[in-house]
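Thanks, everyone, for making the time this morning.

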Amino acid sequence: AREVTLAPRHWEWLAAQSGGASAALRRLVEEARRSGGAQDRVRLGQEAAYRFMAAMAGDLPGFEEATRALFAKDRLRFERHVASWPDDVGAYATKLAEPAWA
């Protein structure tokens, strides 16, 4: 079991739900997973690409601009800035960033 800290009003609401607090929390989590899946994929793609870029290209020309483009979801600007990087670094950063363009 894990601990969950909620305000008293939250516990009251959960206790009043069908199936109790655990069932209500499971339903809420599943609903959030279904509705936020696309946003999660974008965020995870951005984070993966950024971690790789920071480690492998942090001192290369255009790094900051490419990072800004990544988080702005501007694919063309991103690709323009990584084009001067070594081919394998730019290609892998672009591959990792793919979910960010969705």
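Predicted model: local features only at pLDDT ≥ 70, side-chain atom pairs only at ≥ 80, totals over all residues.

The mean pLDDT of the protein chain is 92, and 100% of its residues reach 70 or more. Among the elements, the lowest mean, 87, belongs to helix 2, residues 20-35, while the highest, 98, belongs to helix 4, residues 63-71.

As a general remark, nonpolar side chains in soluble globular proteins tend to be buried together.

The axes of helix 3 and helix 6 come within 7 Å and cross at roughly 160°, and because angles over 145 degrees count as roughly antiparallel, that is how helix 3 stands to helix 6. On the helix 3 side the contact is made by Gly45, Ala48, Ala49, Phe52, Met53, Met56 and Ala57, and on the helix 6 side by Val89, Tyr92, Ala93, Leu96 and Ala97. The crossing of these two, helix 3 and helix 6, is left-handed.

The second pair is helix 4 with helix 5, whose axes come within 8 Å and cross at roughly 160°, which makes helix 4 roughly antiparallel to helix 5. For helix 4 and helix 5, too, the crossing is left-handed. Here Glu65, Ala66, Arg68, Ala69 and Leu70 in helix 4 meet Arg77, Phe78, His81 and Val82 in helix 5.

What lies in the loop between helix 4 and helix 5 that deserves a look? Lys73 is found in that loop, and although Lys73 is not a glycine, it has a positive phi of about 60°. For context, most residues other than glycine have a negative phi. Lys73 counts as partly exposed, because its relative accessibility is 48%.

Staying with helix 4, is Thr67 buried or exposed? Thr67, which lies in that helix, counts as buried because its relative accessibility is 12%, under the 20% cut-off. Leaving aside neighbours within four places in sequence, Thr67 is in contact with Tyr50 and Met53.

Arg68, also found in helix 4, counts as partly exposed at 48% relative accessibility. Between Arg68 and Phe78, 10 residues apart in sequence, the C-alpha to C-alpha separation is 8.1 Å. Between Ala48 and Arg68, 20 residues apart along the chain, the C-alpha atoms are separated by 15 Å. Ala48 itself lies in helix 3 and is partly exposed, with a relative accessible area of 21%.

That is where I will stop, and I am happy to go back to any of these places on the screen.

Note on methods. Residues numbered from 1 in each chain as written. Heavy atoms only, no water. pLDDT = per-residue confidence, 0-100. Helix = DSSP H or I, 4+ residues; strand = E, 2+ residues; numbered from the N terminus. Axes fitted to C-alpha atoms, helices over the stretch in contact; angles between N-to-C directions. Parallel < 35°, antiparallel > 145°, perpendicular 65-115°, else oblique. Left-handed = near helix turned anticlockwise from the far one by under 90°. Contact = heavy atoms within 4.5 Å. Buried < 20%, exposed > 50% of the residue type's maximum accessible area, 1.4 Å probe, protein only.
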